[in-house]
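Please read the following briefing alongside the sequence and the coordinates. It takes up a pocket, a disulfide, strand pairing and a loop residue in turn.

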Amino acid sequence: QVQLVESGGGLVQTGGSLRLSCAASGRAFSTYTMGWFRQAPGKERDFVASITWSDRNTAYADSVKGRFTVSRDNANNTVYLQMNSLKPEDTAVYYCAADRRNRWLTPPTTIGTFDVWGQGTLVTVSS
């Protein structure tokens, strides 16, 4: 059973940066498409970023383009989300997710595509 564990969340001021990490168990990590989603209080879980298994293609929500960068280290079974120029509206619980079933050439953005989820890490951006 694959497990995903996020870390790196915390409290940061507007304009600051954080890097989230998601460590995956298991030997097949390099074949998974990975994604980041977030859920603000009282709102639905929304797509943030995704990266294909080959590490060649990435996708971003319009709200984070140019500020967030998703990357992966297959040797260490880890995916990252570098978040710069943070805004109060970025405040949310951030979730890491894996799609174990498909080898996408274009990274997916749909929540239903991903079949394994982490427990989430809270990011709070103060104004």
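Which strands each supply at least two residues of the lining of the largest pocket? They are β4 (33-39) and β5 (45-51), strands being DSSP runs of E with at least two residues, numbered from the N terminus. The model is predicted, so that local features need pLDDT of at least 70 and side-chain atom pairs count only at pLDDT 80 or more, whereas totals for chains, interfaces and linings use all residues. Residues are numbered from 1 along each chain as its sequence is written, and side-chain values use heavy atoms, with hydrogens and water left out.

**The largest pocket**
- A pocket is here an open set of points on a 1 Å grid over the protein atoms alone, where a 1.4 Å probe fits and protein lies on both sides within 12 Å along at least five of seven lines.
- The largest pocket holds about 160 Å³ of space, the volume being that filled by probe spheres set on grid points joined across faces, edges and corners.
- Its lining, meaning residues with an atom within 4 Å of a point, consists of R38, Q39, A40, K43, E44, D46, F47, A61, S63, E89, T91 and A92.
- By residue class the lining divides into four nonpolar, three polar and five charged residues, where Ala, Val, Leu, Ile, Met, Phe, Trp, Tyr, Cys and Pro count as nonpolar, Asp, Glu, Lys and Arg as charged, and the others, Gly among them, as polar.

**The disulfide**
- One disulfide is counted, under the rule that a pair of cysteine sulfur atoms lies within 2.5 Å; it joins C22 to C96, with an S to S distance of 2.1 Å.
- Because C22 lies in strand β3 (residues 18-24) and C96 in strand β9 (residues 92-99), the pair ties together parts that are 74 residues apart in sequence.
- The torsion about the S-S bond of C22 and C96 is about -75°, and the disulfide is therefore left-handed.
- C22 counts as buried at 0% relative accessibility, and C96 likewise counts as buried at 0%, buried meaning under 20% relative accessible area and exposed over 50% (1.4 Å probe, protein chains only).

**Strand β9 and its partners**
- Seven of the eight residues of β9 are buried.
- β4 pairs with β9 in the antiparallel sense over seven bridges, pairing requiring at least two bridges found by DSSP, and W36 stands opposite C96.
- Strand β11 (residues 121-126) is joined to β9 by three antiparallel bridges, with V123 opposite A92.

**A loop residue**
- A75, in the loop between β7 (68-73) and β8 (78-83), counts as exposed at 73% relative accessibility.
- A75 and R27 are 48 residues apart in sequence and 10.0 Å apart in space, C-alpha to C-alpha.

Terms used:
Helices (H or I, at least four residues) and strands (E, at least two) are DSSP runs, numbered from the N terminus.
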